[in-house]
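Me: I have a protein model to go through, and I would like each label checked against its definition. Please look at it with me.

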Amino acid sequence: MTLAFAPFSQWYVAIIGMLALSWLWLRPETTRPGLTGFFFGLGYFGVGLHWVYISLYSFGGAALSFAIFANIILILFLALFPMVTGWLLGKISRSATLLRMLLIPFLWCLGELARAYILTGFPWLSLGYSQLGAPLDGLAPITGVFGISLAVAMIASLIAYAWITHQKAPILFALIILATVYISRTLHFTNPVGNRLSVALVQGNIAQTIKFNPAHMLEGLEKYVTLSANRHESVIIWPETAIPFLESDVTDSHIKELNTLFLSKNQTLVTGIPSGSWEEERFFNSVIALGRGEGRYDKHHLLPFGEFIPMRTFLNFFNDFVEIPFNDFSRGDAKQPPMITNGIRAGVSICFEAAFGRDIRHAMPEAQYLINISNDSWFKDSIAADQHLQMAQMRSRELERETARATNDGITTIIDARGNLRKRLPRFEAAVLSGYIQPHIGTTPYARYGNTIFVVMMALYAMMLGLFTLTLRSHASTVPSQHHRT
């Protein structure tokens with residue numbers, strides 16, 4: 001299943017993987033579908049998310065044993081979702097029945113939706129992401145990523161049912177779903193407007209080991225200033241915490257100088273910076289606009305254990321094992337006004353927020369493009385950065401807005417409104433990506449309603465399953481009585 005997602009992006013593998021799981025769940029010989037789902041989840045998340053330990057061990061000061069243990073706990077937790085799916089299948093239906101075939105995509109996607117919200121959510125490796133740039137991604141601006149997951153799971157379940165029962169009709173229905181969703185790729189809900197905006201995305205490649213070291217923090221800031229000095233683009237974008245100092249500590253010096261510098265060049269500087277107050281002991285992971293820019297953004301969707309401790313009363317012991325800078329941020333408001341960059345409004349997100357379309361859509365329809373800043377240095381050269389980028393691409397596809405994405409050491413890129421990479425920088429190089437962003441206006445259905453559309457779909461699906469179950473029970477109770485009268 002890992003091969004279905006970035007950086008491998010073999011989209012058809014997701015259908016094959018779900019087909020195999022559905023086939024196992026539909027076999028009469030499978031007596032413990034919950035256990036089957038659990039072991040599938042171990043492989044799915046164990047391989048796809050093997051990289052989580054890296055940040056704790058390499059940069060968090062944790063012992064290797066604790067880092068691996070924490071990684072295993074996360075994998076075991078996520079494997080519970082397909083396990084519960086299998087368990088419910090066993091409780092609700094018999095194997096190899098039409099009802100079970102219909103239940104598989106419903107329960108799987110219900111699990112994905114729950115995974116995106118429980119403990120603030122961790123939707124990494126949701127099936128829909130694997131279909132970016134593939135025949136099924138036309139649903140993205142309509143239903144969001146979870147609607148694509150439903151299409152994948154439904155097609156796989158239909159094929160598996162046809163395989164086991166030797167019926168041809170399910171194959172036909174699978175092809176109809178595939179064709180219908182493929183046609184949806186021709187739909188456009190937004191339009192380009194105005195002139196293109198020139199942008200420069202600065203990738204400083206500051207080593208994570210020295211980024212927050214007081215002896216090197218000023219050196220890192222000066223590197224970004226140097227890389228931006230001779231740029232002529234309208235908007236200069238620096239990555240997450242490119243300015244590692246607390247904003248209140250540098251307001252009257254470096255911030256003022258930067259504001260004057262970029263104002264004199266008729267440019268906007270957008271940069272990540274921690275903000276807050278030592279007196280109030282309240283801090284934010286923020287983005288500010290300087291020069292010919294207006295606005296600020298305080299990160300709303302924080303990374304559990306990286307930026308805050310969930311259920312602190314019970315889990316505060318985590319801080320006894322790791323040392324992560326700024327791991328006690330406060331949340332910004334859910335809805336914040338777009339940032340104005342040289343007259344063009346931009347919806348801003350920071351790092352982990354790229355995984356949550358339900359949050360980024362709040363900037364619509366005012367925002368004419370998206371800015372995402374990140375620091376994926378925490379995971380070295382693992383596949384985490386590619387998976388993270390794929391989610392940022394999905395946000396462009398869902399909202400039909402172009403994205404300027406600046407990161408510390410990659411992947412820095414410009415994404416078009418269809419989720420395709422237009423330009424990118426090599427990883428682990430200090431460089432500047434120069435390009436253009438085309439502003440867009442208009443609103444996709446997903447931007448307007450968010451996951452509500454998918455929830456309504458699932459509710460209708462549940463009603464259909466309920467009616468189908470009642471029909472089966474009614475038929476089962478009628479047949480014996482007729483036989484008795486005969």
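Me: Are Y44 and W108 buried or exposed?

Reply: Both Y44 and W108 are buried. The word means under 20% relative accessible area, while exposed means over 50% and partly exposed lies in between, with a 1.4 Å probe and protein chains only. This is a predicted model, where local features need pLDDT of at least 70, side-chain atom pairs count only at pLDDT 80 or more, and totals for chains, interfaces and linings use all residues. Residues are numbered from 1 along each chain as its sequence is written, and side-chain values use heavy atoms, with hydrogens and water left out.

Me: Why is the aromatic pair of Y44 and W108 called stacked?

Reply: Rings of Phe, Tyr and Trp (its six-membered ring) pair if their centres lie within 6.5 Å; planes under 30 degrees apart are stacked, over 60 edge-to-face, and the rest tilted. Y44 and W108 are 6.1 Å apart centre to centre, with 25 degrees between the planes, so the pair is stacked. Y44 belongs to helix α2 (residues 33–48) and W108 to helix α5 (residues 98–115), so the pair ties together parts 64 residues apart in sequence. Helices here are DSSP runs of H or I with at least four residues, strands are runs of E with at least two, and both are numbered from the N terminus.

Me: How many aromatic pairs does the structure hold?

Reply: The structure holds 20 aromatic pairs. Ring pairs also link W51, F122, W124, F352, F356 and F379 into a cluster.

Me: How do you know that the charged end of R196 sits over the ring of Y436?

Reply: The rule asks for NZ of Lys or CZ of Arg within 6 Å of the ring centre and within 35 degrees of the ring normal. The charged end of R196 is 4.1 Å from the centre of the Y436 ring, so the distance is within the limit. K211 lies over the face of F212, at 5.8 Å from the ring centre, so this distance is also within 6 Å.
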